[in-house]
Amino acid sequence: MKATLILVVLACALALAYGDLVCGSNYCKQNPCTSKIASSSCRAPSQYRANHAGKCACCPACVTLLSEGAACKAYSKELGETPSAVCREPLICLRGVCTKNTKMSKILTDTMRSRYKTSSAQNGIVSPEELEKRPPDFVPRESMLTVLMKESLHIRAIYHIFIVILLVLLCDTVIYDLVERGKINIGLSTIKHGFGDIKRAAKLWIIDLIVALAFYPGLRIYAAVGKLIANIQAARYIWTAVGVLCLASMEIALIAIPVWDLAGKHLALASCVTVTCEMFRFTMKIHAAAVACAERCYSDTTPLPSFKHYLYFLFAPTLVYKDEYPRTKTIRWIVVLFHFIEVGAIILYNSFLWERFILPLWSDYGKEPQVEAGTVVRGMFSCVLPGVISFLCGFYCLLHAWHNAFAEMLKFADRLFYEDWWTTSQFSKYYRAWNRVVHAWLRSHLYKPIAPYAGRALTTLLVFTISAVAHEVILSLSFGFFYPVLLTEFGVLGLLLLPLTATSGLRFPNAFNLFMWLAFFVGNGLLWSLYAMEYFARKNCPPSENDSFFIPKSWSCPEIVLKPNWTFENPLDIFY
């Protein structure tokens, strides 16, 4: 299956270059049209076009030219699609409407990119200058991949490639296990183990939900007292301090209760990831609601939100509080079902990657007192491709499929949860575009309040540190040990790459986009290999009195050694 993973990268590149490969400059000369029509056969309002019909548009056709605003349909000349009506030049067919090129950038901004001044971020504004000037806005728009898959056959082909890879992995698992063991295993055992003790996870989630729901009556009580003492300055200061302490206590409780329980007894990996992510989500939710309602607690001009508004916010795919969000008119349940099927398929996909590429490499790690360095290095490089595929699948599962499913169920119209981070050459833009939902909360509730006092550089360092620590808490509790690989990659190396790519990424966008993807491949390969090594070292190595939650066991067991009689041979000796 290594060859299969390698083919993923090649197939994606071929899909993007499909048009050039199929419809080269000599295609029509080598494949002349056999069904020609005369220009005089075209009657008004149709017009004659010499190159429009047939595969690669090699044949003439009578075509109706559409004006601006008319309904149109995108087509692919590579597939031989021939619409009888097309947009009049220089109009283009964008989202089913003939649109001027001058309008295309605005539409892309509103529906996909949202990085220019005409639009602000879904959960915050993309431009740092704009972020300083005005609060975040919400406008109806689709997720970028939703638009791209509607408009681009090439992106749709890449999506289909990943589905085919999943099917090939499924066949590989079923046929191999059937031949070798006489039974069928489709990876459900890994999923069952990963989501083990789901009842305990559900109890922890319900406890956090109760604490988050208790925030609302607490807010009501706080506001009732606040309005009584609004004109007494000293009492208002004291009551504000009480409110801050109560809010901090609730946020600490939301985090401390699951951490205390999970630290005492380890929970299965996937169940633990769910609980820890939810505890941070609820914490950020009540903090955002408290900040948005702070001034209302002392004024009668703007009433507090109803419980219905607060409950909607708790489950809406945003971390920035508003009383009202743009809403769609109906719920497309077929879309909801489709996205949840995608979530299940991706979970199954990752279980295949774990069973076929990680377990064979590392499941025996620590059973022998020594392991050759070459075996470790080869295992690390073998984790690169499954690691980056899992990274892409995780992004698609959470930020696209899961968020869009809940947005559809809640009629939440602003679905720009991410931008085109895969095209950027600057890590600062990547961090803003990767997860706009979390980025906006960090920007609104950490960066903007602290920056005027601590300065931009120190505040950026603080935000990165808090975010990296939160990620590390999730991984440490989920794996059952502290191994700061992600903390180092994200909080140290990721921070250093911000100034290094700030100007160079603009001057050499192609080179630094390549560098960014190289960093993704190497970083995810290290994550998958080092965490797997540590996990199985703790499982397979004999217990020791020096065992600790914070000291990696894989550093001492097993011992990594070179081959006997290993010597370095200079590769340049061939020239002598």
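Predicted model: local features only at pLDDT ≥ 70, side-chain atom pairs only at ≥ 80, totals over all residues.

**Rings and cysteines**

I started with Phe-515, which comes out partly exposed at a relative accessible area of 34%.

Which ring does Phe-515 pair with? I found Phe-512, and the pair is edge-to-face, with 6.2 Å centre to centre and 70° between the planes. I call it edge-to-face because 70° is over the 60 degrees that class needs. Both residues sit in helix α21, residues 509-540, and they are 3 residues apart, about one turn of the helix.

Next I checked for charges over rings. Arg-236 lies over the face of Tyr-298, 4.2 Å from the ring centre. I also noted Arg-281 over the face of Phe-282, at 4.7 Å from the ring centre.

Then I moved to the cysteines. How many disulfides does the structure hold? I count 1. The partners are Cys-541 and Cys-557, with their sulfur atoms 2.0 Å apart. Both partners lie in the loop between α21 and β7 (559-561), so the bond ties together parts that are 16 residues apart in sequence. The torsion about the S-S bond is about -100°, so I logged the disulfide as left-handed.

Are Cys-541 and Cys-557 buried or exposed? I have Cys-541 down as buried, and Cys-557 as well.

Last, I looked at two other cysteines. Cys-171 counts as partly exposed at 43% relative accessibility, and Cys-246 is also partly exposed, at 45%.

Methods
Residues numbered from 1 in each chain as written. Heavy atoms only, no water. Phe/Tyr/Trp six-rings, centres within 6.5 Å; stacked < 30°, edge-to-face > 60°. Helix = DSSP H or I, 4+ residues; strand = E, 2+ residues; numbered from the N terminus. Buried < 20%, exposed > 50% of the residue type's maximum accessible area, 1.4 Å probe, protein only. Lys NZ or Arg CZ within 6 Å of the ring centre and 35° of its normal. Disulfide = S-S within 2.5 Å.
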